[in-house]
Amino acid sequence: MKKEKNRTGKIRYILFLLRPYWKYGKGYMLTVLLMSILLQPAAAYLTARLPQRAIDAVMNDAPRREVVAVIVLFSLFIILVAALEKVIQMAYTQMTLVKISNRIKNDVNEQALRTDYKYYDQPDFFVKFTFAQETYPIHAQNVMMLLPDILRGIATMIAMITIIVSVGPVLLGITVFCVLLNALAGIPVIKPTADYNVSLTDAWRPLDYVSRMLLTKENAAELRSSGAGRKLLHTINAAMAKFQKVYKQYIIKVAPFYLLQGAISPVQAACILAYVIFFVIAGDKTQIGLYASLTIASTALADSLNDAAGSIMQLLQCIANGEKVAAFFEAESEIEPAREDALPAPDGSYDVEFQNVSFGYEASSFAIENLNLHIRPGQRIAIVGENGAGKTTLTKLLLRLYDVTDGAVLINGKNIKAFDVHQLRLRTGVVFQEIRILAMSLRDNLTAYHDVPDETLLEIMDRLELGNVLERANGSLDALVSREFTEDGVALSGGEAQKLMIARLLTGSFGLLILDEPSSALDPLAEARLTDILLDVSNTATTVMIAHRLSTVRNFDVIYHLENGKIIESGTHEALMAAKGKYYEMFRTQAENYQQ
């Protein structure tokens, strides 16, 4: 009973791999199945029956014209089926397969955005993620190809067995000419196919880029903290349009040769039949029809049996692969999935409170224990401390990239878990210390949080002294940032990239701003000007600044000094300097370094 249940459980992985084809290509799936069950077996059946009918006509002393008519009628049907199959494959199947493969890759990327950030701390997750990205479309297509193969094999076996049981033994003629013709027809396709593969690699580069961006932990934080992740997925649509153009050019070059190859097999059968009838018939003519018919039927039956055995082995491999791919989709997430009962993100400045918060990373000794911190609406606070003190961890808890182990993070007096996490992040403007400019247009990079008119974007760029960037983009907000896809892309310096990240914060209002060393790539004078702009923006939002350069936070309302996950001192800059504690020592040391 247990073994039977286990087999039933394994079958679900076949259904898992077939699901995208049913979801994104029902028409294609039904077309392929109907052709496999009806047309292709019917063509095989007629191919086997044709010799007997034509030869029987000769045996009955029918006029040669009648014999030719039988051959032509049967052959036309067989050619029609073969041509129909080839046309569907060229004009429908290949493009559909690419479309569905693209959709499957997008499903993997969508799942990555829906998966909790904590999984990026687990090496095993990356193995599953990479395997799903690289192989899910391949394994799904393999199963989709196996299904009609199996059905076609079964139907063909039934048809051939019917012929063999009813009439007797078999024989098959020689096909050298058609084999050579098929090979010659393939030669003109070689170079266009090689060129096409090169062009295809270039067309697919944006898809690979999206995959890489979603695969890294740092980008995962960035893409979850704004709407940039959704905008990045739009890159796939542009790649698809480019592929369609390349594919159309390729098809125009090679379609005639592929159609010729598709017609060779039925022509081969007709030529062999004509040869047998007009040149080989001798002796007992009454057996020739059966002899030729059974030759084809027996060969088709053997091929079907071999294909069925091979398909079963491949199907077993597909089950194993499907199980591995499904493991990525089965990761349980508590934070990212949408909840119907979630509260909308509140308007206005946020009241933020860490209430007896404890948190620790897996496989790490670092921990925050019983931390309490209250930030009033509109207040500007700074968190300082040495590397590894827990400053960035607090920002990730505020973005709910992680959930606390104990205690609670409160927004306007309510547990952060009660809110729609995606809406809350769009109301939480963040600039990470590690710059993550995405290979999208200037406009998409600037509007990760809010869509605003181009005039507003141009004003923001001017305010942040990004005129040189716009000049290199020939004044176009549609210009791509970075040279990931094109040599015409706008390459940014570290300071320009950091300013572009900050520019997002000027596109609309936020309840909370999180600034993790936002000006680290700038010189002191540029940093001072940018700090003034940030302080101006922060007048409308509660602001948390993570700082290593203490000079940038002198005017903040409260400064908290963090050490080993605990607040060891807090107060205004003047109060902390007067206390002459560790903050005082850090500030004096930095001041001396600047003087030197």
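Buried means under 20% relative accessible area, exposed means over 50%, and partly exposed is in between (1.4 Å probe, protein chains only). What you see here is a predicted model, where local features need pLDDT of at least 70, side-chain atom pairs count only at pLDDT 80 or more, and totals for chains, interfaces and linings use all residues. Residues are numbered from 1 along each chain as its sequence is written, and side-chain values use heavy atoms, with hydrogens and water left out.

**View 1. Arg 472 and Glu 496 form a salt bridge at 2.8 Å, N to O.** A salt bridge here is a side-chain nitrogen of Lys or Arg within 4 Å of a carboxyl oxygen of Asp or Glu. Arg 472 is partly exposed at 40%, while Glu 496 is buried at 17%.

**View 2. Asp 454 meets Arg 443 in a salt bridge (2.9 Å, N to O).** Asp 454 sits in helix α13 and Arg 443 in helix α12, so the pair ties together parts 11 residues apart in sequence. Helices are DSSP runs (H or I, at least four residues), as are strands (E, at least two), numbered from the N terminus. Asp 454 is partly exposed at 31%, and so is Arg 443 at 22%.

**View 3. Here's an open sheet of 6 strands, in the order β6-β7-β8-β3-β9-β10, with mixed pairing.** Its edge strands, β6 and β10, each pair on one side only. Two strands count as paired if DSSP finds at least two bridges between them. Look for β3 and β9, which run parallel over 4 bridges; Ala 382 has Ile 559 in β9 as its bridge partner.
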